[in-house]
Amino acid sequence: MIRSESPAPAAKRPTPRPAPAPAPVRPESAPSLREHALIVIRHAITTGDLAEDTIYSAAGLAKQLGISLSPVREAMMSLVTEGTVEAVPNRGFRLVPVTREDLEEIIRIRALLADPAVEALCSRAVEDPTSCEAALGDLRRNAEDALAAAARDDTIGFMTADRMFHEHLLEYGLGRRAAEISLRLRDQSRVFAAHSIASVVDSESAQQIVDLVGLIEAGRSDEARALVVDNLFYFKRAVER
């Protein structure tokens, strides 16, 4: 770094600093394409459309899913960071294997987070209803979106709305960190159910979260806590059908 050694001129009026240049605006399309790719890939992973024993190149996956290459690559790297996918040098990506035992463990951990989150929301709904009107409104919309998607056999729509419901449930009940932990575990889950029964299981699960919002609004903590745990076993019910 070169420093000037000349003395500062005396009695010089300060020169007004120019206004800082505005930060470059990030294109709206970039995050939306990446998020869309994440939604599609997460759904394909969860429902078994992507196999655990297959290595996928980003280009091949983009072609298979009908998505541009760059958003797919970004989405897969995000999933690597989350622990859902692992990178295979010079070949592509593959899913981190999840066994039935892993699935049970994932659900138990998510239940440990969901239980106090629901209890906290029930308490707020009774003690200070006004403070949780917005939260309950978001949960209700997510649940109704999930139910509507299940009714029209839109599994991607159902998965997206259901994921958002549980994200909001944890965030409003315990906080953002708890929501991120639960979502990361959710995204590592798999549904081994046949597609022929997916709509039935989706409809049952969607109706449960609609009912759960009603229980939270009424402050019926014990029933709400039991229902949210049962709902988290969505993946196990899909396996057992």
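Trainee: Which residue in the hairpin of β1 and β2 takes a positive phi?
Mentor: Asn90 does, with a phi near 65 degrees, in a hairpin that has three residues between its strands. The model is predicted, so local features need pLDDT of at least 70 and side-chain atom pairs pLDDT 80 or more, while totals for chains, interfaces and linings use all residues. Residues are numbered from 1 along each chain as its sequence is written, and side-chain values use heavy atoms, without hydrogens or water.

Trainee: How many bridges join β1 to β2?
Mentor: Four, between residues 85–88 and residues 92–95, and the two strands run antiparallel; pairing requires at least two DSSP bridges. Within that pair, Ala87 stands opposite Phe93 of β2.

Trainee: And the whole chain, how many helices and strands are there?
Mentor: Ten helices and two strands, in the order α-α-α-β-β-α-α-α-α-α-α-α from the N terminus. These are DSSP runs numbered from the N terminus, with helices (H or I) of at least four residues and strands (E) of at least two.

Trainee: Switching to α4, what should its 28 residues span?
Mentor: At 1.5 Å a residue, residues 100–127 should span 40 Å, and the end C-alpha atoms of α4 are 40 Å apart, which agrees. The expected span is 1.5 Å times one less than the number of residues.

Trainee: Which residues of α4 are buried?
Mentor: Among them are Leu103, Ile106, Ile107, Arg110, Leu113, Ala114, Ala117, Leu121 and Ala125, where buried means under 20% relative accessible area, exposed over 50% and partly exposed in between (1.4 Å probe, protein chains only). An α-helix has 3.6 residues a turn, so residues three or four places apart point the same way. Over the chain, 41% of the 241 residues are buried.

Trainee: Last one, is Glu133 buried or exposed?
Mentor: Glu133, which is found in helix α5, counts as exposed because its relative accessibility is 55%.
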